[in-house]
Amino acid sequence: MASGLGHGSMSFTMKFIRFLIVLLNIIFIVVGIALLVIGIYLVKNTKMQQLRPLFNADLATTDSQNLSTIEILAFVFIGIGGIILLVGFLGCCGAIKTFRFLHLIYAIIIGGIILAEIGLVIYFAIYENRFKSNFVNNLKESIVYNYVGTLIDNVTSTNPISISWDFLQFNLQCCGAINKTDYLDALHWNRTNPYKRNTILIVPFTCCPLNTTKNWSQLPKNMAEASTCAITGVNSYSGGCFDDLVDLLNSYKKYIIIGLIVVVGIEIFAFVFAILLFRRKEEYYAL
């Protein structure tokens, strides 16, 4: 043992660093739990469940097993949250029990996580640009090839894509991807009006104002008040849903970016402190 280390200022410094690592890893555990909750929220949230098919047109078929973009993002959060939770527990054990080798393992894992997160940020930055450029076309194609109408009293048929569009239009008060003319090209919509048998619909009922409260769990059962609007297109919502949907996604993106910056900052500090503890071999055993 180097002289004076048991009571010297450097020994106190290393004890303080060890305390900081414990504190940072407690924060890690909290962050890990938070990410797990966010991931589960994205999977179970009613709004996200209703919008899910719009991020994967294959889900219009009942036997599709493909994951939507929302589900992939949710599972990424769950995976990262689980890893961070485990790392936080490992870091606390290494600092409290003074297992020096755990600090090396801990630093390696943290360094790997930081590199992986940087890679994910780069990937999603590239993917975001491609996603936005293709998203509007994908939305329009989902109307053309998958929209079949609004389910009214089990008289009309529907599918997951149609239900998503109806929930989106009803709650965000928009119509189509760009505007209501997108529905002129819907190939599988028979335009039957269950309220007036000899008339056809120009826009879905959900493109028209309905005197009822917004609800992401259930659509209005009676939409007769929107019949004239749906037949003529007069007074239907003029704006498309693309901008509103992007705004909705961006509202979540802001919180994700803030959270990511906080997590990476904590990880960098924890990585540096773990390396310092590991390298101070003589002082480590004097703690």
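A residue is taken as buried when its relative accessible area is under 20%, as exposed when that area is over 50%, and as partly exposed in between. By this criterion Tyr195, at 25% relative accessibility, counts as partly exposed. The structure described here is a predicted model, and the values reported below were computed from it.

In the predicted model, Tyr195 forms an edge-to-face aromatic pair with Phe205, with 5.5 Å from centre to centre and 80° between the planes. Both partners belong to the loop between H5 and H6, where they are 10 residues apart. In contrast to the partly exposed Tyr195, Phe205 counts as buried because its relative accessibility is 2%.

A search of the whole structure finds 5 aromatic pairs. Among them is the pair of Phe135 and Phe242, which is tilted, with a centre-to-centre distance of 6.0 Å and an angle of 55° between the planes. This pair links distant parts of the chain, since Phe135 lies in helix H4 (residues 100-146) and Phe242 in helix H7, 107 residues apart. Phe135 is buried, with a relative accessible area of 2%, and Phe242, at 16% relative accessibility, also counts as buried. Elsewhere, ring pairs link Tyr147, Tyr183 and Trp189 into a cluster.

The whole structure was also searched for disulfides, of which 3 are found. Counting the bonded cysteines along the chain, their pattern is 1-6, 2-3, 4-5. In the disulfide formed by Cys174 and Cys241, the sulfur atoms are 2.0 Å apart, and the torsion about the S-S bond is about 100°, so the link is right-handed. Cys174 is placed in the loop between helix H5 (160-172) and helix H6 (227-232), whereas Cys241 is placed in the loop between H6 and helix H7 (242-279), so the pair ties together parts that are 67 residues apart in sequence. Both ends are buried, Cys174 with a relative accessible area of 0% and Cys241 at 1% relative accessibility.

The disulfide of Cys175 and Cys207 has its sulfur atoms 2.1 Å apart, and with 85° about the S-S bond this link is likewise right-handed. Cys175 and Cys207 are both found in the loop between H5 and H6, 32 residues apart. Cys175 is buried, with a relative accessible area of 0%, and Cys207 counts as buried at 0% relative accessibility.

Cys208 is joined to Cys229 by a disulfide with an S to S distance of 2.1 Å; here the torsion about the S-S bond is about -90°, so the disulfide is left-handed. The pair connects the loop between H5 and H6, which holds Cys208, to helix H6, which holds Cys229, across 21 residues. Cys208 counts as buried at 1% relative accessibility, as does Cys229 at 9%.

An unreviewed UniProt entry places the feature "transmembrane region" at residues 20-43, 72-92, 104-126 and 255-278. In the model, residues 104-126 are 100% helix and 0% strand, and the end C-alpha atoms of this span lie 33 Å apart. Residues 255-278 are likewise 100% helix and 0% strand, with 34 Å between the end C-alpha atoms.

The second largest pocket holds about 240 Å³ of space. Its lining comprises 14 residues, of which Leu151, Ile152, Leu219, Pro220 and Lys221 lie nearest the centre of the pocket. By class, this lining is made up of 7 nonpolar, 4 polar and 3 charged residues.

Methods
Residues numbered from 1 in each chain as written. Predicted model: local features only at pLDDT ≥ 70, side-chain atom pairs only at ≥ 80, totals over all residues. Heavy atoms only, no water. 1 Å grid on protein atoms, 1.4 Å probe; cavity = no way out; pocket = protein on both sides within 12 Å on 5 of 7 lines; lining within 4 Å. Points joined across faces, edges and corners; volume = space filled by probe spheres on them. Nonpolar A, V, L, I, M, F, W, Y, C, P; charged D, E, K, R; others polar. Disulfide = S-S within 2.5 Å. Helix = DSSP H or I, 4+ residues; strand = E, 2+ residues; numbered from the N terminus. Buried < 20%, exposed > 50% of the residue type's maximum accessible area, 1.4 Å probe, protein only. UniProt positions renumbered as here; feature names shortened; annotations may be inferred. Phe/Tyr/Trp six-rings, centres within 6.5 Å; stacked < 30°, edge-to-face > 60°.
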